[in-house]
Amino acid sequence: MASNRWLTTGNYFTSYKQEQRIFLTHLDRTGFLIFLILLFVWPLVFPPSNKYMLVIDNILIAAVAVLGLNIATGFAGLISIGHAAFVGVGAYTAAFFAKTIGDSHVFLTHAWPLVILLSGFAGAFFGAVVGLPALRLKHLYLAIATLSFQMIFTWTINFMDFFDQGQTIPIARVFWFTGEVSRKEHYLFWYYAILVILILLGFMIRNLLRTRYGRCLVAVRDNDRAADAMGMHPGLTKVYAFALAGFMAGVAGALHAYLYRGVGIESFSLHESITYLAMAIVGGLGTLHGSFWGPAAIKMLDLFVENISEYAGSVLPATMNLTTALRPLSFGLVIVLFLMFEPRGIANWWRIFRSYTRLWPFRY
Amino acid sequence: MKQNKIKFISIMVSAAVIISFSCSVHAGQTYKLALSLAITGPTSDAGNPYAKGVEDYFKYVNDNKLLGDDIIECTIRDDQYKTDVTKRNFEEFLDNGIVFYLNYSTGSTLALKQDFEEEKIPVIPASFHAGNLVDSNYIFLPIASYSAQCIGLAEYVAAHHKGGGIPKAAMFIHPSAFGRGPVEDVEKAVKAGLNMEIVEVTEHGKDLDNTAMLQRFISKGVQYVITQTIQSPVATLLKDANRLGLAAKSFGEEGKLTFLGAHYTGGNDLIALAGPAAENFFWTTSYTLTSEPGPGTDMQLALAKKYGRDDKAANSHNYTNGIMAAQVAAECIIRAKAKGSKITRETLYNELLAMNGDNAFKLDTTVGPVTYSKTDHEGVDNLQLYSVQNGVFKSVGKPFSPEYSKKIK
């Protein structure tokens, strides 16, 4: 039974290489492949309305951003309170091109994958710059340094004439092999584009975590002095963690700019930074798939509470003003409850579920 | 047995006839409209009564059968002043098949401008930002833009300044597109010959004390402060000026500061926030106020009473603002129906464009008629100046149209 990679239930590794493999069993790999196929097929079978497609696209973009935040905060232990600013750097890189060469320039409309990549690199650059204090600062001090970046970013954009002082800078529709992506297919097109990018980045991170650079992140998080003693460079590791987080955020920002066909400062505020942090916590800090659970949970919760608020507003007297309180209350409550009762996030529920299904019906 | 069968058939036939008749009674059409705005969150003090105004007027249209058997169904959603949420709401409204859209903030109006163009849907926002109209065919401002309002205030300053020399003014603005919009246009008006000097433009934060700024204004010889923001920072400003003894007791009092403001700076909420410090605050808008009774305000108060609104909402100029936007939308439908046109986005858009000359929409909630055309997307061109006298806003002079806002175009 031990060698059966379809049904293995225990730890039968005989080499480090085996332990590092991406999928533990063939069943895992098959299940994942089926899941991926479903992700690509379902919109064609059950086409959702634009509203829900927009919500789903948003979840995927948030997942890209939280993937980066999880690298810095979850794996490297560096609290970042300015993640939305890095997302903003990516978005404003696209806006920079729109302002410089025109929002309908072929570079923006046809070479959009390159724009997304460049936005990622811009995010990485600023991530590394902001990460530099990490060479000297730790814990709360570092958190405040990232908060400062958030404030500087917001202030700079708000006062730069070049970026229209934070007003919306438009970006034209993109082109694909089939021609211009029309309004009708806009959200579906970006669903597939974001999904492909997310899968690629997910595999990239998964593979990174299998390398010594990935293990460095975890070692520095757990004890940077011990990591130093073992020959790692904690300072550089922290800077590259920030750069990587910035890259993911930059990509997410460019995707946001293309999805919304414009960039405005409102989408990259401190509140958004806190929301990304909440997504990472609710999903599960330091877990790869927590980066997917968190955004889905928070965005769906927001939509759910919005519907409840609307219903409550129509039933209850206006003087109770319940709708004003319900959204922030539910958001805060979810964070507190997760921190108290499930600090490992939804990812832990997934782990328990998987262990249960792997063992059931007690094959060992 | 046979008799029972006949009885059964006759009952079924009668039921079918009754149902078909009752169906024809309710055979009217439903026109879907929508509004997304900040009912909660930032600027909800304006958005909340605005939403009530829209809701109540459409209820009134339906209850009084102003469209015959047809009814207006207006979905109102709270976006908490977040552009992302507004976009999501708008997509949902489009899925529902709306023919007319009411939007709210400057940020979201600018962000959705391209969508409005592509969807060819007429839009009336609650934002009077002149920039909304740039490269746009489908956005229609209900009243004169913030720029026109600030220029109107500047013209009043220039015309009524006492003492010698050029009147010196400062602009106290909101740190956003909403606040910054008019600055450039007022500066253009000054360059075009308006007899006024803008000494300083200040973007406010969330300051609780403006002493240093006010002293600086005085030291620079500033006599007038034109505000383009929301009520709470203006209230703080007025209270500080009063505390320091710097507030003018009458317009243009020498050595003191006279405060003036555009639409969202004033109204009853300002008086509630600033108390006696609001006295002599000059304010401009195109709406009629309940402190100056007339047919429009009577209708407004009756509407608020009919739908159970409290005094605060009933007397709010933002409630008037919502009613007026709904009135324009409903009027387009009424006019299109009168012509026998099918109610579509296109026909309603054409009705808006035709709203001028003899077709201008004269309504009592504003101080002038609503006029639109291919080249004019600002509804009411007239403004009324008000000032706080004994705790209420009272008219100052007659409605006017700012001259320089046309000159600088």
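## A network across two chains

Let's start with the charged cluster: Arg173(A), Arg183(A), Arg261(A), Lys87(B), Glu91(B), Asp115(B), Glu118(B), Glu119(B) and Arg345(B) are joined up in a network of salt bridges. Keep in mind that this is a predicted model. Counting over all chains, the structure holds 32 salt bridges.

Asp164(A) pairs up with Lys99(A) in a salt bridge, with 2.9 Å between the closest N and O atoms. Asp164(A) sits in the loop between α7 (139-159) and β1 (169-170) of chain A, while Lys99(A) belongs to helix α4 (residues 83-101) of that chain, so the bridge ties together parts that are 65 residues apart in sequence.

How open are the two partners? Asp164(A) comes out as partly exposed, at 26% relative accessibility. Lys99(A) is partly exposed too, at 34%.

## Within a helix of chain B

Over in chain B, Lys188(B) and Asp185(B) make a salt bridge at 3.9 Å, N to O. Both are in helix α7 (residues 177-191) of chain B, and because they are three residues apart there, about one helical turn separates them.

Is Asp185(B) buried or exposed? With 15% relative accessibility, Asp185(B) counts as buried, whereas Lys188(B) is partly exposed, with a relative accessible area of 38%.

## One more pair in chain B

Glu253(B) and Lys256(B) also meet through their side chains, in a salt bridge of 4.0 Å from N to O. Glu253(B) counts as partly exposed at 25% relative accessibility, and Lys256(B) is partly exposed as well, with a relative accessible area of 24%.

Terms used. Residues are numbered from 1 along each chain as its sequence is written. Chains are lettered from A and ligands numbered from 1 in the order in which they are written. This is a predicted model: local features need pLDDT of at least 70, side-chain atom pairs count only at pLDDT 80 or more; totals for chains, interfaces and linings use all residues. Side-chain values use heavy atoms; hydrogens and water are left out. Helices (H or I, at least four residues) and strands (E, at least two) are DSSP runs, numbered from the N terminus. Buried means under 20% relative accessible area, exposed over 50%, partly exposed in between (1.4 Å probe, protein chains only).
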